[in-house]
2 protein chains.
Amino acid sequence: MDHQECHQHLNAIEDAVYVIGGKWKLRIILSLQQQALRFNEIQREVGGISAKVLSNELKDLEENGFVKRREYPGFPMKVVYELTDYSNSLKSVMIELSQWGRSHKEFIKRNHQA
Amino acid sequence: MDHQECHQHLNAIEDAVYVIGGKWKLRIILSLQQQALRFNEIQREVGGISAKVLSNELKDLEENGFVKRREYPGFPMKVVYELTDYSNSLKSVMIELSQWGRSHKEFIKRNHQA
């Protein structure tokens, strides 16, 4: 891998970690995996997140194409958030990270017992 | 996936993102991919990192088993840092993240042009 390829590789990884990193994004995505939820349902499901932070995170997730906002007419209007088909693209990365995270924890335990 | 599995899955992902996230870890790992380097060589290769931060990051990478410190006797003593075999366990995660990061960038470009 030459220098330029290495930098492209690094930038792509950092982009990915930026999008799925952070304290809340994955928690919000996982909370919506079963069904669409209202704002306060997400807030309750995720737990410990302020309305302001959740609002920003949802906007970010919408911009990145993972979440869509759906409005149902009526009074009061009903708004729910749901995962897009595109959010499925995250599955393989999340499985890879999850498997690696688990095996790394085992590795650390073994090394600290040795 | 029931609630408990979901939380284990999430914790494992967050562990992984914690270990390989952050501004410097991946840059330091990639800088050592070709060969072992001295402290100031890493600092020059990575660029923009202070000695104090680099020292902490190297300690963290050592504790996580990715990097080992090798001392060569002599005056002055020569110290180099190199990647461990275990750091190869990161390869598949980094490739997955890199591929996803690239395709996500394309997705965002297409959507913002639409």
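Predicted model: local features only at pLDDT ≥ 70, side-chain atom pairs only at ≥ 80, totals over all residues.
## Relation of the two chains

Chain B superposes on chain A with an RMSD of 0.0 Å.

## Extent of the interface

Chain B puts 44 residues into the contact, and chain A puts in 44 residues. The area buried between the two chains is about 3800 Å², and carbon and sulfur atoms give 67% of this area. Three residues, B:Tyr86, B:Leu97 and B:Trp100, supply 16% of the area that chain B buries against chain A, which is more than any other three residues.

## Salt bridges and contributing helices

Between chain B and chain A the count is four salt bridges. In one salt bridge, the side chains of A:Asp15 and B:Lys105 meet at 3.4 Å, N to O. On the side of chain B that touches chain A, at least two residues each come from α1 (3–20), α2 (25–31) and α5 (90–113) of chain B. Of the elements on that side, α5(B) gives the most, with 16 residues.

A:His9 lies in helix α1 of chain A, which covers residues 3–20. Is A:His9 buried or exposed? With a relative accessibility of 12%, A:His9 counts as buried, because the limit for that class is under 20%. The side chain of A:His9 makes a polar contact of 3.0 Å with the side chain of B:Ser98.

A:Ser98 belongs to helix α5 of chain A. Its relative accessible area is 2%, so A:Ser98 is also buried. Which residues does A:Ser98 touch, once its neighbours within four places in sequence are left aside? The contacts of A:Ser98 are with B:His9, B:Ala12 and B:Ile13.

## A:Lys109

Helix α5 of chain A, residues 90–113, also holds A:Lys109. A:Lys109 has a relative accessible area of 44% and is therefore partly exposed, whereas A:Ser98 is buried. From the C-alpha atom of A:Lys109 to that of A:Glu96 the separation is 20 Å, with the two residues 13 residues apart along the chain.

## The strand pair in each chain

In chain A, strand β1 (residues 67–72) pairs with strand β2 (residues 78–83) in the antiparallel sense, over six bridges. Within this pairing, A:Arg69 stands opposite A:Tyr81 in β2(A). The two strands form a hairpin with five residues between them, in which A:Gly74 takes a positive phi near 140°.

In chain B, six bridges join the antiparallel strands β1 (residues 67–72) and β2 (residues 78–83). Here B:Tyr72 is opposite B:Lys78 in β2(B). What is the phi of B:Gly74 in the turn of this hairpin? B:Gly74 has a positive phi of about 140°, and the turn leaves five residues between β1(B) and β2(B).

How values were computed
Residues numbered from 1 in each chain as written. Chains lettered and ligands numbered in written order. Heavy atoms only, no water. Least-squares fit on C-alpha atoms with pLDDT ≥ 70 in both. Helix = DSSP H or I, 4+ residues; strand = E, 2+ residues; numbered from the N terminus. Buried < 20%, exposed > 50% of the residue type's maximum accessible area, 1.4 Å probe, protein only. Pairing = 2+ DSSP bridges. Contact = heavy atoms within 4.5 Å. Buried area = accessible area lost by both parts, 1.4 Å probe. Polar contact = N/O pair within 3.5 Å; in protein donor to acceptor, adjacent residues only side chain to side chain.
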